[in-house]
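Hi everyone, thanks for making time this morning.

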Amino acid sequence: ETNDTTYTVANGTVTLGSAFLRGDADGNGVVEIADALLIQRYKADTATIAAENQEAADADANGSIEIADALLIQRYKADTATIG
């Protein structure tokens, strides 16, 4: 999980980072089995993951969306792994 950090400066506002929940491939604010299914469908070229959710879909933060991300989400939901 990452959080925005916002700073106010003399001539405006600067926001660093972007808020997202790692593993939340569909962007609904919850990591769930549906996210794992979406990643599997994405890898099978039968679904898309919105550009703004692709970093979150990379559950293991290795820089790419892979089946391993779906498996990590499934293990997370089974309380046998952590994300982030």
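Let me start with a cut-off: a residue is called buried under 20% relative accessible area, exposed over 50%, and partly exposed in between. With a relative accessible area of 31%, Ala50 therefore falls in the partly exposed class. Please keep in mind that this is a predicted model.

Now, where does Ala50 sit? You'll find Ala50 in the loop between α1 and α2. Its C-alpha is 7.6 Å from the C-alpha of Asp26, although 24 residues separate Ala50 and Asp26 in sequence.

Staying in that loop, have a look at Asp45, which also lies between α1 (33-43) and α2 (54-57). Asp45 has a positive one, near 60°. Is Asp45 buried or exposed? Asp45 counts as exposed, because its relative accessibility is 71%.

Two other residues belong in this part of the talk. Ala61, in the loop between α2 and α3 (67-77), is not a glycine either, yet has a positive phi of about 55°. Ala61 counts as partly exposed, because its relative accessibility is 47%. Then there is Asp79, which follows α3 and has a positive phi near 60°.

Asp24 is buried and has no salt bridge. Which side chain of opposite charge is nearest to Asp24? That would be Lys77, and it is 10 Å away. What Asp24 does have is a polar side-chain atom 3.2 Å from the backbone nitrogen of Gly27. Setting aside neighbours within four places in sequence, Asp24 is in contact with Gly29, Val30, Val31, Asp35, Asn53 and Ala56.

Let's finish with α3. Which of its residues are buried? They are Asp69, Ala70, Leu72 and Ile73. These four lie on the same side of α3, because they cover an arc of only 160° around the axis. As a reminder, an α-helix has 3.6 residues a turn, so residues three or four places apart point the same way. And what covers the buried residues of α3? The cover includes α1 and α2.

That's my tour, and I'm happy to go back to any of these spots.

Terms used
Residues numbered from 1 in each chain as written. Predicted model: local features only at pLDDT ≥ 70, side-chain atom pairs only at ≥ 80, totals over all residues. Heavy atoms only, no water. Helix = DSSP H or I, 4+ residues; strand = E, 2+ residues; numbered from the N terminus. Buried < 20%, exposed > 50% of the residue type's maximum accessible area, 1.4 Å probe, protein only. Lys, Arg positive; Asp, Glu negative; His and termini not counted. Salt bridge = Lys/Arg side-chain N within 4 Å of Asp/Glu carboxyl O. Polar contact = N/O pair within 3.5 Å; in protein donor to acceptor, adjacent residues only side chain to side chain. Contact = heavy atoms within 4.5 Å. Arc of directions from axis to C-beta.
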